[in-house]
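Subject: A structure for you to look through

Hi there,

Here is the structure I promised to pass on to you. Have a look at it first, and then read on for what turned up.

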Amino acid sequence: MYMQSIHLMQFMLLFSRQGKLRLQKWYVPLSDKERKKISRDLVQTILARKPKMCSFLEWRDLKIVYKRYASLYFCCAVEDQDNELITLEIIHRYVELLDKYFGSVCELDIIFNFEKAYFILDEFLLGGEAQETSKKNVLKAIEQADLLQEEAEAPRSVLEEIGLT
Amino acid sequence: MSPSVPLQEMIRAIRSARTQCEERGVIQRECAAIRAQFRQADNGGRSHNLAKLLYVHMLGYPAHFGQMECVRMIASPRYSEKRVGYLGAMMLLDEKQDASLLITNSIKNDLSHSNQYVQSLALCTLACMGSAEMCRDLAPEIDRLLRASNSYIKKKAALCAVHIVRKVHELGELFVPAARSLLSEKNHGVLHGAVVLIIELCEQNPETLERFRKTVPDLVQIMKGLVLSGYSPEHDVAGISDPFLQVSLDPWDQIAACVCDAVQVATNTDSTKTVGNAVLYETVLTVLDIKSESGLRVLAVNILGRFLLNNDRNIRYIAMTSLQKIVGTDHNAVQRHRGTIVDCLKDQDASVKRRALELSLALVSASNIRSMMKELLLFLSSCPPELRAHAASGIFNAAERYAPSQRWHIDTMLHVLITAGGDVRDETVPNLIQLITNASELHCYTVHKLYRALLLDISQQSLVQVACWCIGEYGDLLLKGDCQETEPVQVTEDDALDALETVLQSHMSSPATRGFALTATMKLSTRITDNVDRIRSIVSIYGSCIDVELQQRAVEYNALFRKYDHMRAAVLERMPVIEKNSPGHTNGESTGEAVKDVPTAKMKQGEPLLLQHEDRSDHPPGPAVDCLVSGLSVHAAGTAGGDLLDLLGGFEPAELSPGEPLSVTHTHTHTLV
């Protein structure tokens, strides 16, 4: 087929320099055991690479695009026909979003607010494809959703607390 | 927004654990508390509990007891609980599990929720983990959303539809009309989603492609608008308007004129930033993918050539990847960049090196073989270990196809064996031997060179095997001393035997290598004059060797010395040229003479016995050695040497006339020389 799909991201992993997973988003159906094995193997492979090396590598039948930002590795697995440079851009855009949201984001932010990191990712990528190219729009949507969440968690009356209403 | 305090406290507690054991303890306690909470009726902290569980899951601990809680949370009316519930579903459930079906109904309801953020949660989850059944159930809903909702939802629905189409191809038909109408939207997100959807639809079904062909001019308009318009701050990435949309539109420019336009603009695109390069790269990929005219292709290759000179390693890497794909079709265009590619062989990065190696091997031709081989051999001596086997076999193939002369060919193969002998494939040894036998005027040169290499290093098994074979076979030439091609070195019989004995006794030699050495020693017995006794003693020592293969050979050779001494000269005579059954084997000095079918006949004759031999040994010896051994065993079977036959076992005491092996060795003496 002479046309290629834009992007078929299979998964995205964020992990620390010690190999601890900080975020894992899977866009293909795999069992827990398979996911663990893939994560373990891939993390080892990437951690073994030297600093100045290429951001792209071939691993099993996938292309891996990764970049290190401070103490975190951002790693995406895409299919063979994809444009790797765009994937790098996607990673960078995600980091920019996190940075804007948390204000000078660092690994600790992602550890203690991991669910927020997922929400932001889900507002930026859908099914492995970029859904919104405007940073402003993504952040605006997240803001609105957060407001909605706060309203839902608003302090309840004493009666509600003890389960009488 | 308020952080989830209970969650953060737990995370802190886990992180402060000093040992793995302590951490496990903390987690077990927390999980027990979470489980208890799940069992309780509705309480305020449900979302926090689930979030805690998800964190624990990310650390690698089991969390399947949270699956039903996710299902329950998704059905809750509270947004905060839905949000975490859907997140949990995406993390803990996958389509292979039955629990995932339970959320189908919730998703269906949420897709028509009044609040777009709830709708968004449902769409996201469906696109992430929707199984085929779920997709079938919910496709009509998605179609509805594609037509009648705000742009925020439309863009998500479009990508959700992409997932559905990938899972269930037949549903593609359903989305075609909606997809087409989406193209008239202004919102970039929606456009992007629409284009991705259309591409996916066309990929699944080529007929759909025809129907969308009419929309190409519209798409070109969109692209032109993007590219030529000024600065659009919100979509901009470093000054280049909406690269993502540009990239997604590229595969559509099928009409040559439009593509020309695009490339014109692309070449003016700022390529100093990665983003600009990404767009350029996509254009190049498109041009190379579609059947564009040659002018355009050359332009694309030139862009790739520019990439090759870029400082950024990533850019060089992808340039080589693309060049690899077209090196078959646009060979000449790629040849122009050969110099740069060869330079990349010296790059520090292993991925870049690998790409450069592949490309270099593809660019080798008859005209550049000498210079390329120099570079490749240089590369081999310093390349990373994981690439060596590949490099060695690539070099062999190239040498075989384009060798300008036999001597060059032999030199190259020897060089590879000396540098990377441990990484070459097994058939290299017989191949090289076959090559050497074919180059009869170089026998003297070859054996001298190999002898010298052997003196320097006996650890590379392939090299040692070939060297032993040659010394055995051409020992007389070695001892003669004078050779036009290299400086004469005086080699005495003792020297030669010393070399072979060192190999025999070294712990570095593999059993196969020792077999080669022993046979070579034996062959020397007819090529030397003074030290036959020494050979006899070596051979008899190995008659009690622990290695069964060696022992058997030694015993056979002993027999050759004792009872069949009159046969020895004939059996150990110089071997005829071995024929290789490979087509396309060119050699600079091929005489074109038809080589007689010698070894095949010999093989056929010796076949049953050969098989027996192979059964006994663990490693297949080269054809040369096989022939010799089979010759011996055919012979040994011919007479009534009762005691020996017991030892050798398995030989049929056939009524073969003693003369037979002789005729086999003599009749087809090759006359190429």
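Let's start in chain B, where two helices meet. B:V532, B:I535, B:R536, B:V539 and B:S540 of helix 32 are in contact with B:A554, B:Y557, B:N558 and B:F561 of helix 33. Sorted by class, this contact between helix 32 and helix 33 of chain B has six nonpolar, two polar and one charged residues. Please keep in mind that this is a predicted model.

How do the two helices lie against each other? Helix 32 (residues 532-541) and helix 33 (residues 548-562) of chain B pack at an angle of about 140°, and their axes are 8 Å apart. That angle is why helix 32 of chain B counts as oblique to helix 33 of chain B: to be called roughly antiparallel, the angle would have to be over 145 degrees. The crossing of helix 32 and helix 33 of chain B is left-handed.

Now please turn to chain A, where there is a sheet to explore. Five strands make up this open sheet, in the order 2-1-5-4-3, with antiparallel pairing. At its edges are strand 2 (21-26) and strand 3 (56-59) of chain A, each of which pairs on one side only. On average, neighbouring strands of the sheet are turned by 20° against each other, ignoring direction. Helix 2 (residues 84-102) of chain A packs on the sheet and touches strand 1, strand 2, strand 3, strand 4 and strand 5 of chain A. The direction of helix 2 makes about 35° with that of strand 4 of chain A. Helix 4 (residues 114-124) of chain A lies across strand 1 and strand 2 of chain A, at about 35° to strand 2.

Is strand 5 (residues 72-78) of chain A mostly covered or mostly open? It is mostly covered, as seven of its seven residues are buried. On one side these are A:L72, A:F74, A:C76 and A:V78, and on the other A:Y73, A:C75 and A:A77.

Strand 5 of chain A also has partners. Seven bridges join it to strand 1 (residues 9-16) of chain A, and the two run antiparallel; here A:Y73 is the bridge partner of A:F15. Seven bridges also join strand 4 (residues 62-69) of chain A to strand 5, again antiparallel, with A:Y69 opposite A:L72. The hairpin of strand 4 and strand 5 of chain A has two residues between the strands, and A:A70 takes a positive phi near 55° there.

Enjoy exploring!

Best wishes

Notes. Residues numbered from 1 in each chain as written. Chains lettered and ligands numbered in written order. Predicted model: local features only at pLDDT ≥ 70, side-chain atom pairs only at ≥ 80, totals over all residues. Heavy atoms only, no water. Buried < 20%, exposed > 50% of the residue type's maximum accessible area, 1.4 Å probe, protein only. Helix = DSSP H or I, 4+ residues; strand = E, 2+ residues; numbered from the N terminus. Pairing = 2+ DSSP bridges. Axes fitted to C-alpha atoms, helices over the stretch in contact; angles between N-to-C directions. Parallel < 35°, antiparallel > 145°, perpendicular 65-115°, else oblique. Left-handed = near helix turned anticlockwise from the far one by under 90°. Contact = heavy atoms within 4.5 Å. Nonpolar A, V, L, I, M, F, W, Y, C, P; charged D, E, K, R; others polar.
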